[in-house]
Amino acid sequence: MSSCWSGKGRFSNLNCLIHPRSVALVGASSNKLKIGGIMWSYLQSFPGRKHPVNIKQETIDGVKAYGRVSDIPEEVDLVVIAVPARNVPSVIDDCIKKGVKAVIVVSAGFGETGEEGRKLEDEIKSKLANTDMVLLGPNTLGVYVPGESLDTMFVLREKSRRPPDGPIAYVSQSGASASGFMDMAEYHQYGISAFVGLGNKLDVNENDMLEFFSNDDKTKVICMHIESFADGKRLLKLCRETTPRKPVVILKAGRTEAGARAAMLHTGSMAKPSQAMDGAFKQAGVVRANDLLELFDYSRILAYQKPMFGPNVVVVTSGGGYGVIATDYIEDRNVGGGLKMAELSLNSKKGLREKLPSFASVDNPIDLTGNVTDEMFDHVLKIVNKDENTDGILAFLLLQTPYTTDRLIEIAWWWFKNGEKPMVPCIIGGLYSEKVIRMLESRGMPVYPDIRRAVLSLRVLYERGRYLLKIRGKGEAR
Amino acid sequence: MSEKYFKRILKHASITGSKNIPEHLVKPFLKSQGITVPRFIVVEEISDLRKAGRLKFPVALKVSSSRFIHKTDVGGVLLNIRGMSELKRSAVAFRKRFKDEPLLVEEMVGGSVDMICGLINDDDFGMCIMIGVGGIYTEIYKDISTRVIPVSREDVLEMIGELKGRALLEGFRNIRVNRDAFVNLVLRFSELGEEYGEYILGLDANPVILNQNSATVIDAKMVLK
C-alpha cells in the first residue's frame, strides 16, 4: 500500500481517492443482501483502517460502528457514501467538518432522475465550493484499485469478477458497462492500475483523472469511456502533455444526435455530438475507440506491445483462407486497417525457401500450409522480424494442424516478447483454442479470436508509431 | 488593415441586430486577410454600377443581405451576365425584388475542383477548421476533415490526405489545380480564426474554386457569436 500524499490541495486529495490510508463506509450494514452489506464485506480485503458508519447499529460484523463520520476518533482519508440521495448533503457537511480528503457518493437519485435530483447536486456543489475535498460521483460504482486491494463496487464478485493488477488505468462514466468491461478484463487477464467510475461527474471529472494517471508511474496506458466532455480544451491540453509518454484511448459515446440524447437521459450530462472530435483527438495523439471491445483491444495492445513505425504488415499463417481475409482487412481503408501488405525482400524470401516446403508460399501472406511444423514457424518469425520491409506481424497460430505441438505456443510467446517487430497473434477455434488463449493471456500476451479485431489493433500500433515519429520531428512514417 | 473591415462587420451587426453578416462585408474582410476572392464591386445605389466598368465580364450578381442568407433559394443570384446593359437591367430588378438591399457584382471564376473551407466554433474544443471536397456535395458525401486551430502546413496536408476526394488535388485524370494555393487559403483561415475567434461562431467558404493558378472563395457566409 502506498501512502497518502501529505500535501494539500485537490491533486493530493485525488491521491487519497486511489491510495487512501483509511476508509469509512457510510451506510455499512451487516446484512449481506443489502448494498451496504456487500460493500462492507468487499472492503474487508483492504489492508488499511476501515470504519463502518451506521446511525442505527452499534456494531457491524463485530466492529464498532459510528453514528457519523465526525465521531471516528482518527483521520479518515476516504469516505464512501451509500445512503439514500436525500441524506447525502448532511453526510457531506459532516465529512467537510471532519477534514476528509475524498468522498465517493455511490447513491443514485441525483441529476439523472430530474429536477429534484439536480437541486440536490447543486446543494452539494455549493458545499464543496469552499473546500479541497474531492467528490466522486454520485451515481457511481466508485473505485477498484487492485494494488491497494481497495474495492468499493457493490456488483457481486461471483457475477462480475475483478481484473488483476496491471498497467492500464480505466476511467468510465458508465457503471454497468464498467462492471461488464472488468469482468471481461479478468477473463482475459487484462491488468489494471485502477478503475474509477465517474458517475454524474458532479466534481471529479475525466480531466482530473487523466491528469492524475498521467503522473502515475504505474499506469502505462489510460483508457476512458465518457459520454460528455467536462472541458474539451483542458482535455486536449492534458492529452497533448500525456500522449508523448503514454497512450490515451477514449471511447466517447453519444457521438450522434440521438446518441447524445440517450447520454443525457443516462447520466444527466449535457452531451452534444462534436463534429470536431476526430480531428482534435488526432492532433492530441488520442486513439479513438467506437465501442467497449475496441476500448479493450486498443488499450490492451498498446500496453502489451510496442508501436509499429510503418504501415507494412506481414501475415504468417498455415491456413491460406485466413491469409486472404486478413489481406483484405489490412488494406481496406473503410472497414479495415488501411495498412499495407509488406513486400518481403529477396533475401528474406530466399531465407524462407530454405526451410519451407516447395508448395508453401513465400510471398506475403506467408502460407506454411497444413504441413507446418514448430521449426518452420520459428524460422519464419525469425526472418520476418529481420525483414527490412516489414513493420509489423499478424501471426495466425493454427493449433489444429497435425505436425505442430504445444511448443508452437512457446515459440509464439518468445517472439511476441523478444521480437524486434510488434506481433499480434490470432487464434480461431473452439474450446481447445479457447484454453490456449487463456493460457497465453495469463502470461500477458493478448490473443485475438477475430481477424478484424487483430488487424485494427495493428492499425492502432501504427497510429501510435506514426504519432511518436511526428512529435519527435522525424517526419512521416513510411 | 483587416481591422478596419472587421469593425464594419461588427458595426453592421450592432445596427441591424443580426448575427448573419452579408457577403459584401465578408468579402472585403477576407481579401484584406490575403484570401483570394473574385474581383467585385458593391452596389448600394444604382449609380454605383458605373464601377462595374473595372470588371471583366461575364459577372455574377448577388443580393447581399443578412435577411437573405440562402440567396440561391430566393433567386438572389444571377450568373454569367455578359454585358453592362444586361447587368443594369438585372440590378434594377434585384433592387425592386429585394427592397433596396446592397448588391454584389463579381467576376466569374472558372475552375475544375470545388472545395469547402470553414471555421466552426465548437462547444467542446473551441475554434476548429474544416475542409472538404465537393462544394455543394460536401454535405451529401460528408467528405470532410477537421482540426482545432491553429494548424500547420503539415496538418493541412494531413487533412487533405484524409479526404476520399484527395485525388482531385493530386492530378487525378489530368485535372491540374494549384493545391498549394488551397493549402495557403486554409492557413489564412486558421490565422483569421485565431485573431477573430472570440467574435466568430462560424465562417463558411463554399465553394472555393480551384484552378491551375489559384484557390478563390466564391461564396462566403459569416455568423457572429
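Start by selecting B:Asp100, in the loop between helix 3 (84–97) and strand 5 (103–107) of chain B. Helices here are DSSP runs of H or I with at least four residues, strands are E runs of at least two, and both are numbered from the N terminus. Although B:Asp100 is not a glycine, its phi is positive, about 60 degrees. The residue is exposed, with 12 other C-beta atoms within 10 Å. (Exposed means 12 or fewer other C-beta atoms within 10 Å of the residue's own, buried means 20 or more, and partly exposed is in between, with C-beta atoms placed from the backbone.)

Before you click on, bear in mind that this is a predicted model, where local features need pLDDT of at least 70, side-chain atom pairs count only at pLDDT 80 or more, and totals for chains, interfaces and linings use all residues. Residues are numbered from 1 along each chain as its sequence is written, while chains are lettered from A and ligands numbered from 1 in the order in which they are written.

**Still in chain B**

Next, pick B:Asn174, in the loop between helix 5 (153–162) and helix 6 (179–196) of chain B. This is another non-glycine with a positive phi, about 65 degrees. B:Asn174 is exposed, with 6 other C-beta atoms within 10 Å.

Now go to strand 9 (residues 200–210) of chain B, where you'll find B:Pro207. Check the bond between B:Asn206 and B:Pro207: the peptide is cis, with omega about 0 degrees.

Zoom out and colour chain B by domain: domain 1 is 2–107 and domain 2 is 113–224, with bounds taken from an automatic or database domain assignment. Their C-alpha centres lie 23 Å apart. Where they touch, domain 1 of chain B puts in 16 residues and domain 2 of chain B 14; contact means C-beta atoms, placed from the backbone, within 7 Å. On the domain 1 side, helix 1 (2–16), strand 1 (20–21) and helix 2 (23–32) of chain B each supply at least two residues. Helix 2 of chain B gives the most, with 4 residues. That side of domain 1 of chain B divides into 9 nonpolar, 4 polar and 3 charged residues. (Nonpolar covers Ala, Val, Leu, Ile, Met, Phe, Trp, Tyr, Cys and Pro; charged is Asp, Glu, Lys and Arg; the others, Gly among them, are polar.)

**Across to chain A**

Show both chains and select the interface: 12 residues of chain A are in contact with 11 residues of chain B. Which helix of chain A gives the largest share of the side that touches chain B? Helix 9 of chain A does, with 4 residues. Helix 7 (232–242) and helix 9 (277–283) of chain A each supply at least two. By class, the chain A side has 4 nonpolar, 5 polar and 3 charged residues.

Axes are lines fitted to C-alpha atoms, for helices over the stretch in contact, and angles run from 0 to 180 degrees between N-to-C directions. Show side chains for the contact residues, including A:Leu210 of helix 6 and A:Leu235 and A:Leu238 of helix 7. The contact has 3 nonpolar, 3 polar and 4 charged residues.

**Last stops in chain A**

Colour chain A by domain too: domain 1 (1–150), domain 2 (155–304) and domain 3 (307–471). The C-alpha centres of domains 2 and 3 of chain A are 29 Å apart. Their contact takes 13 residues from domain 2 and 15 residues from domain 3 of chain A.

Now select helix 11 (320–331) and helix 16 (451–471) of chain A, which pack at about 45 degrees with axes 10 Å apart. That makes helix 11 of chain A oblique to helix 16 of chain A. Their crossing is right-handed.

Finish at A:Pro138, in the loop between strand 7 (134–136) and strand 8 (143–145) of chain A. A cis peptide bond joins A:Gly137 to A:Pro138, with omega about -5 degrees.

Definitions and conventions
Angles under 35 degrees count as roughly parallel, over 145 as roughly antiparallel, 65 to 115 as roughly perpendicular and the rest as oblique. A crossing is left-handed if the near helix is turned anticlockwise from the far one by less than a right angle, and right-handed if clockwise. Two residues are in contact if their C-beta atoms, placed from the backbone, lie within 7 Å.
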